[in-house]
Amino acid sequence: MQVTSMLSAGYLEPVNQISRVYSPENIKDDETDVSKQQKEQEILSEEQSIKAKLGSGAQVHTVYHYSMGTDGRRYITGASVTMKGSEEDLNRISGGVTTREIAQEEANESKLDEIRDKNSRTVSERIKDQNQHALKTQKSEQDSEEEREIQELENIQREVISHEAAHQAASGEFGGTVSYSYTEGPDGKKYITGGEVPIKIKEGATPEETLHNMQKVQRAANAPADPSGQDFKVAAKAATLASKARSEMTAGDSESQNFEFRASVLRNTPIFERNSQEDAQKNILNGVSSVLASLREYQIQNQIQSLMPAA
C-alpha cells in the first residue's frame with residue numbers, strides 16, 4: 001500500500017512504502033476470488049491501523065485500487081493513503097517522511113541539479129570555446145590567404161605598369177595609347193594584371209628610312225627587362241624588314257658604282273661611243289695605234305732630214 005504524508009505546513013511529495021504495498025500489478029490473474037477477498041481485508045485493516053496511530057488530529061485520504069473478480073465483483077487490491085497532520089502525528093507511522101527530510105532531500109536534489117547544470121554549462125562552454133577557436137583559426141587562415149593573393153596582385157600590377165611604360169617611352173611616334181586589363185581581388189578592388197601598347201611597323205619611302213624605322217621598332221619591342229612572347233614577334237618582324245632594307249641599299253650602291261665606272265672609261269676614250277664597254281675599249285686601242293703610227297712617221301722624217309747635206 002502506498003503512503004503519502006503531508007504536514008499541516010505543506011505537502012510531502014515522496015511516496016513511501018510501509019510493511020506491505022498492495023497494487024493491481026501484485027495480483028495475478030489466476031488468483032481466486034477468495035484470495036482477492038483476503039487481501040482486500042488486509043488492506044482495509046492496515047488502513048484502519050494507520051488512522052488509529054495518527055489520532056484524531058490528522059487527516060487521512062485513501063484512494064483504492066480495484067481488480068475484477070470472476071464473480072463480477074470489484075475487490076480492493078491496493079490503496080494510496082495521503083496523511084496530513086503535525087510532524088509528531090506523522091512520525092507515529094513507521095516509514096513516514098517528515099518535512100525536514102523532504103526539505104533536505106529537495107536541497108540535495110537542488111545541489112545535484114546545480115552540479116549537473118554547471119557541468120552541462122562547462123561542457124557547453126568548452127564546446128563553444130573550441131568552436132570559436134576553430135572559427136578564429138579558419139578566419140585567420142582565410143585572411144592570410146587573402147593577404148597573399150592581394151600581395152601577388154599588387155606585384156603583378158607594378159610589373160605590368162613598368163613593362164608598358166618601357167614600351168611607350170621607347171616607341172615614340174610608332175607607339176599608341178596604353179590599355180590595361182583588370183582582375184578583382186578578394187578585397188573587392190580591381191588590380192591591373194595585363195596591358196598593351198600598340199606599335200606600328202611602318203616602312204619608309206626609301207630603304208634608308210625603312211631601316212631607321214625598323215631599328216626604332218626593335219628598340220621599342222625589346223625595351224622592357226622581361227619582353228613577352230608578343231614583344232619577341234614584333235622585334236623579329238622588324239628585324240626581317242630591316243634586313244630587307246639593307247639588301248636593297250647594298251644593291252643600289254653596286255649599280256651606282258658600275259655606272260660611275262662606265263662613265264669614267266667613256267670620258268677618257270678619244271672616240272666617244274656609248275654603245276658598250278667593249279666598244280669603248282676597242283676605240284681606245286684604235287686611238288693608241290693611230291698615235292703610235294703618227295709618232296713613227298715623225299721620227300723617220302727627222303732621220304731623213306739629218307742625212308741630207310746642208311745647202
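Which residue forms a salt bridge with Glu145, and how far apart are the closest N and O atoms? In this predicted model, the partner of Glu145 is Arg148, and the closest N and O atoms are 2.6 Å apart. Both residues belong to helix 3, where a spacing of 3 residues puts them about one turn of the helix apart. Glu145 has a relative accessible area of 43% and is therefore partly exposed.

**Salt bridges**

The count of salt bridges in the model comes to 5.

| Salt bridge | N to O distance | Location |
|---|---|---|
| Glu145 and Arg148 | 2.6 Å | both in helix 3, 3 residues apart |
| Asp143 and Lys139 | 3.2 Å | helix 3, 4 residues apart |
| Glu40 and Arg73 | 3.3 Å | helix 1 and the loop between strand 4 and strand 5, 33 residues apart |

As background, side chains of opposite charge can pair when their charged atoms come close.

The side chains of Asp143 and Lys139 meet in a salt bridge with an N to O distance of 3.2 Å. The two residues are 4 residues apart in helix 3, so about one helical turn separates them. Asp143 is partly exposed, at a relative accessible area of 29%.

The salt bridge of Glu40 with Arg73 has its closest N and O atoms 3.3 Å apart. Glu40 sits in helix 1 (residues 33-54), while Arg73 sits in the loop between strand 4 (59-68) and strand 5, so this pair ties together parts that are 33 residues apart in sequence. With a relative accessible area of 6%, Glu40 is buried. Arg73 has a relative accessible area of 38% and is partly exposed.

Ser80 is part of strand 5, which covers residues 74-85. Is Ser80 buried or exposed? Its relative accessibility is 19%, so Ser80 counts as buried, given that buried means under 20% relative accessible area. The side chain of Ser80 makes a polar contact with the side chain of His65, at 3.2 Å.

**Negative surface patch**

Which residues form the negative surface patch? The patch consists of Glu146, Glu147, Glu149, Glu152, Glu184 and Asp187. Helix 3 (residues 99-171) supplies the largest share of the patch, with 4 residues. Asp187, another member of the patch, is located in the loop between strand 6 (179-184) and strand 7 (190-196). Asp187 has a relative accessible area of 36% and so is partly exposed.

Terms used
Residues numbered from 1 in each chain as written. Predicted model: local features only at pLDDT ≥ 70, side-chain atom pairs only at ≥ 80, totals over all residues. Heavy atoms only, no water. Patch = residues over 30% accessible without salt bridge, like charges linked within 9 Å, V, L, I, M, F, W, Y side chains within 5 Å. Areas by Shrake-Rupley, 256 points an atom, 1.4 Å probe, with all protein chains shown as cover. Lys, Arg positive; Asp, Glu negative; His and termini not counted. Charge placed at Lys NZ, Arg CZ, Asp CG, Glu CD. Buried < 20%, exposed > 50% of the residue type's maximum accessible area, 1.4 Å probe, protein only. Polar contact = N/O pair within 3.5 Å; in protein donor to acceptor, adjacent residues only side chain to side chain.
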